Structures are given as structure tokens and as C-alpha cells.
Amino acid sequence: MPISQTSLDKLPIRHLTSDDLLACADLSEDRGWDREEYKWGLLLAAGTGYGIDDPDGKGLLTACVVTSYGPGLAAIGMVLVAERYARQGVGRRLMQHVLAEYDGTPLTLYATPNGQPLYAQLGFTEIGRSELLKGRFNFAEPAAEAPAGTSVRPATAEDLQAILSLDHEVFGADRTHLITRLPAFADVLRVAERDGELTGFGALWPNMDTHVIGPLIARDPATAQHLVTALAEATDRPLRTDVEAGHTALLTWLEANGVGSVFTTSLMVRSAPDLPGDANRRFAPLTVAAG
């Protein structure tokens, strides 16, 4: 017998743990998304998961993850509702719970077309668009000429402090709890430097049958292209990345190399006019967890 709306509204919202990873992946699959167990593992370890258990014992009926960067910013992602509970107010209730938990904290998220109307009703405003790109990198078009003296090399343990400092400067918030996981999480980590100064870095990590590029931070589009080339040389899998729509030079170059746009999401914020940091040097996030 279907659960009543009154009973549905009374189901407790709880924190998720790493023990819920498979249930989260099942929920992704239920909605037609990739399972993405590897990404779920990172998000649940570095962030706070919220969910409601299905009273029928079929895993989770809804879930999301919030990654906090201190009092100045938190990111919401992977907002999912099981198909059998869709359009019953479950997603709204979960989001309202999260908004109450983070009352006063600026929030950001990437919204799919399906989720955007709800987020707009909850006070989020669109500040940009992001392109999801996929494809097999074919090396058809070389990277643009980078500033003189720029080189790209494998990252070492000695680079971590400089990576953290650059990331904090460009992202505008402290992501130490995420970035320090990169050496173990990523299959490949490359840095760009010029005259002994770190000017960018990029990571390549496995997700299903692709390798994801992110984060990708660079002083200029040409340096970003050189980092992507170095990362692409390290894999024979198709690439996947998310690039904000304003980075037209990188988007056009990726398209020329066989990595094209397949989906667009809206970058939205709440309780803030914009994101902190330097968007001109922020080419791809660590991971886009859209909802």
C-alpha cells in the first residue's frame, strides 16, 4: 500500500555515512544517473550527507550531500529523490531541512533543468552556466602558447602547500579537507609553474568508464590547455569535465579535440551575490554534484 503524504512528511531525516554509499549509488541509478560510487565515496567522506530511509526497506528514498567550506560557503549536491516518490514534496522537504541547518551560510549548487525551478523558489539565483563535456581526447589541436617559462610536470609531495595556497586564493574559501585528499583520490596530479612559482594544477580521477578532469586551476587559458594535454596523455579512457560557460577559449579548444558539451547546468547561489575567489582562473571544479 502506498505511504500516505502525512506519513511521508513524518519520516526522519538523518545523516548519511560511508555505510550508505551503495544505497546512494542505487538511488543515482534509480533516477537514470551513473552510479558513480567513487565520487559518492569522496563526497560522503569530505561532506555531510542527508537522507530519508525508504519505509519499505528499499534503501533511501531521498539523499543529498553538503560540503562545507567554513562559515562563508557551503555547496549542495547530489540531490536525488527515488522515482517512486517523485513529485510528492520529498525533495523540497530535504532542501528545507538543509537550509535550516545552514541558516545564514551562503550556499551554492549546480542545478539541472528539472531541479532549477525548486531551487529558485527556495531563494537560489542563477549566476552562470556550466557545460558538462565528454569525449575521447584526440590531440587534434595543440594547446595555445603559454606564457614564456611555463612548464607542466607531475606534482610531488613538496607541492602540496603551494597547491593549497593557490586553491584558497582562486576558490576564495578553504578547501584543505578536499584538496589534501587529491593525491590519494586522483590517478594523476599535474602542476604548472613559471619561474619557480606554481601557476596552476589539475587532477585526473576515475569515474565509471571515464577519467574526470577536475579541479583545473590555471593563471590563463593557455596554461589550462597545457595542463589538460598533460592529463589526457596519462589515460586511454574518454575524458569528462565541467567548464563554466564563460571560458570560451577552453571550451572551443576541447571541442576541437573531441571533448564536446553534452549537458548544461545552472550555477546558483543563495544568501550571496556571487561566488568568492577568482572565476577567471577557476576552469573546472573538483566535482560537480548537480541536482
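Biologist: Are tyrosine 69 and phenylalanine 171 buried or exposed?

Modeller: This is a predicted model, in which local features need pLDDT of at least 70 and side-chain atom pairs count only at pLDDT 80 or more, while totals for chains, interfaces and linings use all residues. Residues are numbered from 1 along each chain as its sequence is written, and side-chain values use heavy atoms, without hydrogens and water. Buried means under 20% relative accessible area, exposed over 50% and partly exposed in between, with a 1.4 Å probe and protein chains only. By that cut-off, tyrosine 69 and phenylalanine 171 are both buried.

Biologist: How many aromatic pairs does a search of the whole structure find?

Modeller: Rings of Phe, Tyr and Trp (its six-membered ring) pair if their centres lie within 6.5 Å; planes under 30 degrees apart count as stacked, over 60 as edge-to-face and the rest as tilted. Searching the whole structure on that basis gives a count of six.

Biologist: What kind of aromatic pair do tyrosine 69 and phenylalanine 171 form?

Modeller: Tyrosine 69 lies in the loop between S3 and S4 and phenylalanine 171 in helix H6, 102 residues apart; helices (H or I, at least four residues) and strands (E, at least two) are DSSP runs, numbered from the N terminus. The centres are 5.0 Å apart, with 75 degrees between the planes. The pair is edge-to-face.

Biologist: Which residue has its charged end over the ring of phenylalanine 171?

Modeller: A charge sits over a ring if NZ of Lys or CZ of Arg is within 6 Å of the ring centre and within 35 degrees of the ring normal. Here the charged end is 4.0 Å from the ring centre, and the residue is arginine 175.
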